[in-house]
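Hello,

Here is the structure you asked for. Please open it first, then read my notes below.

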Amino acid sequence: MRVRTTVIIDRPIEQVWAYMDDHKNDLEWRRPSLKSLKTVGTGPVGPGTKYEGVVAMGPMKYPYVSELTEYRPPNRVAWKGVSSAGWMIGREGSMTLEPEGQDRTRVTHEITMEPQNALGRVAAPLVERAGSRLVMPLLKQLKEEVEQTPS
């Protein structure tokens, strides 16, 4: 199932990208589900860069690994899911940034989710119906955090 969600942030595209590109900020705007995120390796960020993270759903914690497939500052980053211990995996996803005038940015988040086990197959119809309502709280938090950052 593919979910597409968009938000407008009242900041220039370069400022939105800079905030998103600093992964220390992920723990703020992806709360409360993201518990940790780190880059695997030390090379420059680009296609092939891998990240290890842990997301939580209630008391359960699920480690995952994702890999960048596209990295075009300040307009687009895309990734694929390499592994996940959860019942669903974000098979692939992207964040696309487009200027909306001089001081606003349209951020579009897309993700394709796939069930990984029996629980995931049972939950898939619910996740599909919820669609962007599952992602929108994160994008609202992204908007709030970026807009609170001094220009």
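What radius of gyration would a compact globule with 151 residues have, and what does the chain have? The rule gives a value near 15 Å, and the chain has 15 Å, so the two agree. Along the principal axes, the C-alpha atoms fill a box of roughly 50 × 35 × 25 Å.

Keep in mind that this is a predicted model. The mean pLDDT of the chain is 89. A value of 70 or more is reached by 91% of the residues. Confidence is highest in helix 1, at a mean of 96. Helix 3 (residues 118-130) is where confidence is lowest, at a mean of 69. Please read that helix with care.

Now the fold. The chain has four helices and seven strands. Their order along the sequence is β-α-α-β-β-β-β-β-β-α-α. Of the contacts with a separation of 6 or more, 50% join residues 24 or more positions apart.

Next, the inside. Of the 151 residues, 41% count as buried. In soluble globular proteins, nonpolar side chains tend to be buried together. Here, the largest nonpolar core has 21 residues. Ile 9, Val 16, Met 95, Leu 97, Val 107 and Leu 142 have the most contacts inside this core. Several elements supply at least two residues each, among them strand 1 (2-9), strand 2 (34-40), strand 5 (76-84), strand 6 (88-99) and helix 4 (132-148). Helix 1 gives the most, with five residues.

Met 95 deserves a click. Leaving out residues up to four places away in sequence, Met 95 touches Met 20, Trp 29, Val 77, Trp 79, Val 107 and Leu 142, among others. The list also includes Asn 75, Arg 76, Thr 108 and His 109.

Last, the aromatics. How many aromatic pairs does a search of the whole structure find? The search finds one. Trp 17 and Tyr 71 form this pair, and the pair is tilted. The ring centres are 5.6 Å apart, with 55° between the planes. Trp 17 lies in helix 1 (residues 13-21) and Tyr 71 in strand 4 (residues 60-72), so the pair ties together parts that are 54 residues apart in sequence. Is Trp 17 buried or exposed? Trp 17 has 8% relative accessibility, so this residue counts as buried.

Best wishes

Technical notes. Residues are numbered from 1 along each chain as its sequence is written. This is a predicted model: local features need pLDDT of at least 70, side-chain atom pairs count only at pLDDT 80 or more; totals for chains, interfaces and linings use all residues. Side-chain values use heavy atoms; hydrogens and water are left out. Rings of Phe, Tyr and Trp (its six-membered ring) pair if their centres lie within 6.5 Å; planes under 30 degrees apart count as stacked, over 60 as edge-to-face and the rest as tilted. Buried means under 20% relative accessible area, exposed over 50%, partly exposed in between (1.4 Å probe, protein chains only). A nonpolar core is a set of buried Ala, Val, Leu, Ile, Met, Phe, Trp, Tyr and Cys residues joined through side-chain atoms within 4.5 Å. Contact means heavy atoms within 4.5 Å. pLDDT is the predictor's confidence in each residue, from 0 to 100. The radius of gyration is taken over C-alpha atoms; the globule rule is 2.2 Å times the number of residues to the power 0.38.
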